[in-house]
Amino acid sequence: MTSSAVSTAVELINAPLLYKGKVRELYDLGENVLIVVTDRISAFDYVLDPAVPEKGNVLNRLSAFWFGQTKELMENHVVHIDVDLLGDVVKDKEALRNRVMVVRKAERIDIECVVRGCITGGGWRQYQETGKVNGIELPANLRKNALLAEPIFTPAAKNDVGHDEDIPFEKMQELIGADLALELQEKSLKLFAFAREYCAERGIILADCKFEFGLLDGKVILIDEIFTPDASRFWAKDKYALDIEIDSMDKEPVRTYLSASAWDKNSKPDPLPLEVVEETTRRYLDIYHRLTGKSL
């Protein structure tokens, strides 16, 4: 293993905890928010044991990388990612180095903005049943994993409890207003097009991804994470094929292991075997290297 895993930062931060998600923890710094990206891993709506070493490191650095790459396209919430600037807010700086992001406080828009460049995953399941995805009619007889002629915008209404709910664009307009919905659609498609081309140059297909946006002083900005393995579906070009489950470049070893195990899916599964954890760490390090050209 490259390092020990960080399951939580609660004991390491001298600031009020605002929110603890499956992976991220948010702390109140007054004017700003401190995001700590832990090594926790979730699958099938359960947070699993043990945590996966370096996962949070990769997620945070990749988000910072992509926020930098896209800042000309879209303003974002990043203030800085330097743990040394946090003073006595962080009790053990080495433990959280490369895992922190200080961001501006924005009002989250409760829509998950999903862009799909391929027909796969939940989109494929919708298409099989209805011939549509989020109400968008697609050509007949598409095959699983087919590249779409044009990427489609398929939003979801965010639920803090349970699954986000796929909705048609018209419903999104009702929920947040037509002008804001159109702005988010346009920004999402533009960001996706940029990243898809970047990934293609590196032998990677960006199949789909999700964005979150917020409002700051009335202006839309990009928040949360962006183009990480937890928020995007990356496929190696040499693994691409139709009609199969493509081995995606993320926590696929965990999903594969759980799906093949005797786990009943109604209670938290037993701890993951060491080899599954190690392979998952390797996947995250690999996608980071392939996208940035750097190693941790």
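Author: The answers below take the helix pair, then the cavity. This is a predicted model, in which local features need pLDDT of at least 70, side-chain atom pairs count only at pLDDT 80 or more, and totals for chains, interfaces and linings use all residues. Residues are numbered from 1 along each chain as its sequence is written, and side-chain values use heavy atoms, with hydrogens and water left out.

Reader: Why are α4 and α5 called oblique to each other?

Author: The axes of α4 (residues 169-176) and α5 (residues 178-200) cross at roughly 125° and come within 7 Å. Axes are lines fitted to C-alpha atoms, for helices over the stretch in contact, and angles run from 0 to 180 degrees between N-to-C directions. Under 35 degrees counts as roughly parallel, over 145 as roughly antiparallel, 65 to 115 as roughly perpendicular and the rest as oblique. The two helices are therefore oblique.

Reader: Which residues of α4 make the contact with α5?

Author: Phe169, Met172, Gln173 and Ile176 of α4 do so, where contact means heavy atoms within 4.5 Å. On the α5 side, the residues include Leu180, Leu184 and Gln185.

Reader: What makes a space in this structure a cavity?

Author: On a 1 Å grid over the protein atoms alone, a cavity is a set of points where a 1.4 Å probe fits but cannot get out. The search of the whole structure finds 1 cavity of 30 Å³ or more.

Reader: Which residues line the largest cavity?

Author: Arg24, Ile35, Val37, Asn60, Ser63, Met101, Asp224 and Glu225 line the largest cavity, lining residues being those with an atom within 4 Å of a point. β3 (32-37) and α1 (55-70) are the elements that give two or more residues to this lining.

Note on methods: 1 Å grid on protein atoms, 1.4 Å probe; cavity = no way out; pocket = protein on both sides within 12 Å on 5 of 7 lines; lining within 4 Å. Points joined across faces, edges and corners; volume = space filled by probe spheres on them. Helix = DSSP H or I, 4+ residues; strand = E, 2+ residues; numbered from the N terminus.
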